[in-house]
Amino acid sequence: MKIIVTGGAGFIGSHLDDALIARGHNVTVVDDLSLGVPGNIEHLRGNPQFHFYREDVNDLKATVPYVEADGKVIYPDETGAFTIPSDT
């Protein structure tokens with residue numbers, strides 16, 4: 001399954017990226033790096049199951065192409081927690 005993780009370069013998001021890739025999913029991270037750290041995802045660069053785009057998810061025009069291409073989006077709620085859909 002193709003999954004987008006917003007904030008995927010943050011501490012929690014990067015661990016979510018790892019877990020999803022370990023489950024065989026293709027992960028696209030959209031993160032503007034305002035809070036994320038490139039070092040958190042450095043080990044994933046070059047992995048064919050991983051794609052990173054430096055974009056602000058608040059900019060709908062910048063984000064829509066990734067959503068349309070991939071479908072499922074996982075994003076943090078107001079507490080910073082991620083909810084993983086049960087079918088992943």
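Me: What makes E42 "partly exposed"?
Reply: Keep in mind that this is a predicted model. E42 has a relative accessible area of 47%. Buried would need under 20% and exposed over 50%, so E42 lands in between and counts as partly exposed.

Me: Why is the link between E42 and R45 called a salt bridge?
Reply: Their side chains meet at 3.6 Å, N to O. The rule asks for a side-chain nitrogen of Lys or Arg within 4 Å of a carboxyl oxygen of Asp or Glu, so the pair passes.

Me: How many salt bridges does the rule find?
Reply: The count comes to one.

Me: Let's go to the strands. What makes T6 "buried"?
Reply: T6, which lies in strand β1, has a relative accessible area of 9%. The limit is under 20%, so T6 is buried. T6 also has V30 at 4.9 Å, C-alpha to C-alpha, although the two are 24 residues apart in sequence.

Me: How do you know that β2 is largely enclosed?
Reply: Count its buried residues: four of the five in β2 are buried, so the rest of the structure largely encloses this strand.

Me: What makes β1 and β2 a pair?
Reply: Two strands pair if there are at least two bridges between them. β1 and β2 have five, in the parallel sense, so they qualify. One of the bridges joins I3 to V27 in β2. Between these strands the chain passes through α1, and this β-α-β crossover is right-handed.

Me: And why do β2 and β3 count as paired?
Reply: They share four bridges, again in the parallel sense, and at least two are needed, so they pair as well. V27 has F50 as its bridge partner in β3, while V30 has Y53.

Me: Which residues make up the covered face of β3, and which the uncovered one?
Reply: F50 and F52 are on the covered face, whereas H51 and Y53 are on the uncovered one.

Me: Which members of the largest nonpolar core touch the most other members?
Reply: That core has 13 residues, and V5, L20, V27, V29, I41, F50 and F52 are the ones with the most partners in it. β1, α1, β2 and β3 each supply at least two residues, and α1 gives the most, with three.

Me: Zooming out, how many helices and strands does the chain have?
Reply: Two helices and four strands. Read from the N terminus, the order is β-α-β-β-α-β.

Me: How much of the chain is buried?
Reply: Of its 88 residues, 36% are buried. The accessible surface comes to about 5,200 Å², and carbon and sulfur atoms own 55% of that.

Notes. Residues are numbered from 1 along each chain as its sequence is written. This is a predicted model: local features need pLDDT of at least 70, side-chain atom pairs count only at pLDDT 80 or more; totals for chains, interfaces and linings use all residues. Side-chain values use heavy atoms; hydrogens and water are left out. A nonpolar core is a set of buried Ala, Val, Leu, Ile, Met, Phe, Trp, Tyr and Cys residues joined through side-chain atoms within 4.5 Å. Buried means under 20% relative accessible area, exposed over 50%, partly exposed in between (1.4 Å probe, protein chains only). Accessible areas come from the Shrake-Rupley method with a 1.4 Å probe; for residues, only the protein chains shown count as cover. A crossover is right-handed if, with the strands pointing away from the viewer, the path from the first strand over the helix to the second runs clockwise.
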